[in-house]
Amino acid sequence: MPSLNRVEISRSALIHNFDQCQQLAGNAAIMAMVKADGYGHGMLDCARIFTERGAVALGVAEAVEGVQLRVAGITLPILVLAGVIPQTLPEILDAHLTPVVVDASILAELSRQATVRQVEVGLHLKLDAGMGRQGVLPADFLALVRAVQALPHLRIDGVIAHFPLADDRRSTHSAQALATFNQATAQLGRLVPGKCCLHLANSGGLFYVAGARLDMVRPGIALYGYYPDGQAGRAAAAEPLLQPAMRFSTRVIQVRQVPAGSGLGYNHLFTTTRPSTIAVLPVGYDDGYLRCLSNKAEVLINGKRVPVVGRISMNLTLVDVTGLAAVQVGDEAVLLGRQGAEEITADDIAGWMDTISYEVLCLFGKLNERVLVD
């Protein structure tokens with residue numbers, strides 16, 4: 001039987017968001033980011049939907065994700081973005097994945113294994129244009145290009161970098177990163193035969209950085225209905241808005257009447273100041289509804305926001321429904337998403353958790369049963 005805790009993923013919202021990204025991208029192709037289990041939305045379902053809609057490539061973090069996509073029948077190019085090591089090369093080559101090379105250390109082994117298989121491997125080089133996390137520094141970029149070209153069975157198909165501050169529209173860093181990328185790749189035309197795909201823009205780069213679309217863009221969070229700068233992005237966005245694709249709901253399993261002065265839950269983190277009606281929900285940190293939401297979060301019952309009270313435990317959460325009419329066992333409680341005219345977004349929850357929408361979506365989506373709807 002299904003769990004009372006239900007995560008719904010809206011196919012129509014995913015399609016709408018992809019179309020909005022494609023419209024913004026113009027002539028640039030879209031590589032849909034489906035890593036981290038599609039940001040909690042289901043990697044395989046999302047990959048199929050985005051492929052049907054026109055994505056030209058998919059982005060994953062680890063080779064294992066790419067192999068899972070191949071087993072599921074996905075034939076698009078799949079880029080392994082978090083780097084590769086010798087131990088993962090056999091799977092990458094056998095599954096025809098595209099390695100993203102962050103420095104020269106992997107090249108000799110990659111060439112050797114490609115030679116053994118008698119295949120030519122198209123790879124993408126990663127340039128550190130200011131992210132400071134992975135990739136070759138601009139001063140060493142052309143040397144990396146030449147190192148690839150000196151080895152058999154390797155071919156440069158693209159160059160990638162990443163924006164660290166594209167979600168901050170006031171920062172000048174993204175313009176500097178774009179200029180660094182353009183300068184470093186300016187000589188590729190005479191060094192690399194054929195078309196070399198240049199791509200830099202994540203969701204923030206696509207939405208906010210002029211000139212960053214290049215040959216391909218890599219939207220992630222935007223595909224799932226959220227702006228990279230959170231509530232500020234939604235407030236500033238033009239219609240039609242991105243549509244959150246995830247909804248997380250549960251059911252009331254008990255309704256209790258408690259007197260004033262009652263301590264609730266572990267450590268009595270909350271004490272009632274009036275006779276109160278408390279609804280018990282079968283959700284907790286085991287389901288990604290973390291303890292840091294205690295006494296902060298709100299949920300929707302009967303279309304109204306009601307506060308979480310007391311300590312969230314592993315499998316139970318208490319909400320104060322005093323004043324709501326006729327709350328009953330079995331009533332739906334919405335932790336994320338819309339109910340009636342009200343909505344709780346991942347940005348709301350991220351604010352209560354002091355994090356970002358990405359983490360909220362990954363938590364809820366990975367730790368609960370999911371169903372694809374509409």
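Select R247 first: at 18% relative accessibility it counts as buried, because the cut-off for buried is under 20%. This is a predicted model.

Is E332 buried or partly exposed? E332 counts as partly exposed, because its relative accessibility is 21%.

Between the side chains of E8 and R6 the N to O distance is 2.7 Å. E8, at 17% relative accessibility, counts as buried, whereas R6, at 37%, counts as partly exposed.

For another salt bridge, select R170 and D168. Their closest N and O atoms are 3.6 Å apart. R170 counts as exposed, with 78% relative accessibility, and D168 as partly exposed, with 26%. In total, the structure holds 19 salt bridges.

Next, select residues 276-281, which form strand β14. How many of its residues are buried? The count is 6 of 6, so the strand is described as mostly covered. Colour the side chains by direction: S276, I278 and V280 point one way, while T277, A279 and L281 point the other way. Residues on both sides are buried.

Show the neighbouring strands as well. Strand β11 (residues 254-258) runs antiparallel to β14 and is joined to it by 5 bridges. To find one of these contacts, pick Q254, whose bridge partner in β14 is V280. Strand β17 (residues 317-320) also runs antiparallel to β14, with 4 bridges joining the two. Here, L281 stands opposite T317 of β17.

Finally, turn to the largest pocket, which holds about 710 Å³ of space. Which residues are closest to its centre? Select K35, Y39, H162, N202 and Y358; they are the closest of the 34 residues that line this pocket. Then display helices α2 (35-39), α10 (203-208) and α13 (357-366), each of which supplies at least two residues of the lining. Colouring the lining by class gives 20 nonpolar, 8 polar and 6 charged residues.

Notes
Residues numbered from 1 in each chain as written. Predicted model: local features only at pLDDT ≥ 70, side-chain atom pairs only at ≥ 80, totals over all residues. Heavy atoms only, no water. Buried < 20%, exposed > 50% of the residue type's maximum accessible area, 1.4 Å probe, protein only. Pairing = 2+ DSSP bridges. 1 Å grid on protein atoms, 1.4 Å probe; cavity = no way out; pocket = protein on both sides within 12 Å on 5 of 7 lines; lining within 4 Å. Points joined across faces, edges and corners; volume = space filled by probe spheres on them. Nonpolar A, V, L, I, M, F, W, Y, C, P; charged D, E, K, R; others polar. Salt bridge = Lys/Arg side-chain N within 4 Å of Asp/Glu carboxyl O.
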